[in-house]
Amino acid sequence: MARQLRAEQTRATIIGAAADLFDRRGYESTTLSEIVAHAGVTKGALYFHFAAKEDLAHAIMEMQSRTFRRLANDLDGRGYSSLEALMRLTFGMARVYEEGPVLRAGTRLATAGVPVRPPLPHPFTDWREIATSRLLDAVRQSDVHQDIDVDSVAHTLVSSVVGTCVVGGTLEPAGRQPRRLAEMWYILIRGMVPVTRRARYVTLAARLEQETGTA
């Protein structure tokens, strides 16, 4: 049992080191030797868990997918409207994105065209499907206009969130993400939420910005 625990800890250390380097330097510019040195493990330990750099990339994207799904599932059953749950999910992503390198590295891997191995879905496909589901429910709940093009909005939403994280993380100081997400939501809300319900969600976006920024 102790040996298994040490192996799991070593694996987690290697993944964390790889995620940090992939995030800061990029996938192609990072070597296995650099990951070994950054993790403080032997090459034998790395190869025990991962046969190639591609295996590390896949492990990071798996962790990213689990994190995103956990965030989405944690919001279920809390009595939120579907639109509120979707808004909270995006701010939850921003918080995790700032807290550690795994989600940042996973996003960078996804945008760099690193292949995703089936049955793991591409992160952006996964996120777009969840956004589509929440938006369809929001239409049924009359929080979103009935004639809205849900596929288009879901695509725009995922693109905007990813772009906000990537561009903001490159050009702006840490902690700016909640403000940028709130600005994104102000635009979306005014375009897709009926006037009678708009104030509720504009207020929610401001509150989520504040809560995420102080978390």
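Okay, before the pictures, one bit of bookkeeping: I'm counting Ala, Val, Leu, Ile, Met, Phe, Trp, Tyr, Cys and Pro as nonpolar, Asp, Glu, Lys and Arg as charged, and the others, Gly among them, as polar. Keep in mind that this is a predicted model.

So, today is about holes. How many cavities of 30 Å³ or more turn up in a search of the whole structure? Two.

Let's take the largest cavity, with a volume of about 90 Å³. Three helices each put at least two residues into its lining: α5, running 82-99, α7, at 123-140, and α8, at 150-171. Which of them gives the most? That's α5, with four residues. If you want to click along, the lining includes Phe68, Leu86, Leu89, Thr90, Trp127, Ile130 and Leu157. By class, that lining comes out as 10 nonpolar residues, one polar and no charged.

Now the second largest cavity, which holds about 40 Å³ of space. Here α5, α8 and α6, which is 101-111, each bring at least two lining residues. This time α8 gives the most, with three. Around this space you'll find Met93, Tyr97, Leu103, Thr107, Trp127, Val161, Val162 and Cys165. Back to my bookkeeping: seven of those count as nonpolar, one as polar, and none as charged.

One last thing to look at on screen. Okay, over to you.

Conventions: Residues are numbered from 1 along each chain as its sequence is written. This is a predicted model: local features need pLDDT of at least 70, side-chain atom pairs count only at pLDDT 80 or more; totals for chains, interfaces and linings use all residues. Side-chain values use heavy atoms; hydrogens and water are left out. On a 1 Å grid over the protein atoms alone, a cavity is a set of points where a 1.4 Å probe fits but cannot get out, and a pocket is an open set with protein on both sides within 12 Å along at least five of seven lines; lining residues have an atom within 4 Å of a point. Grid points are joined across faces, edges and corners, and a volume is the space filled by probe spheres set on the points.
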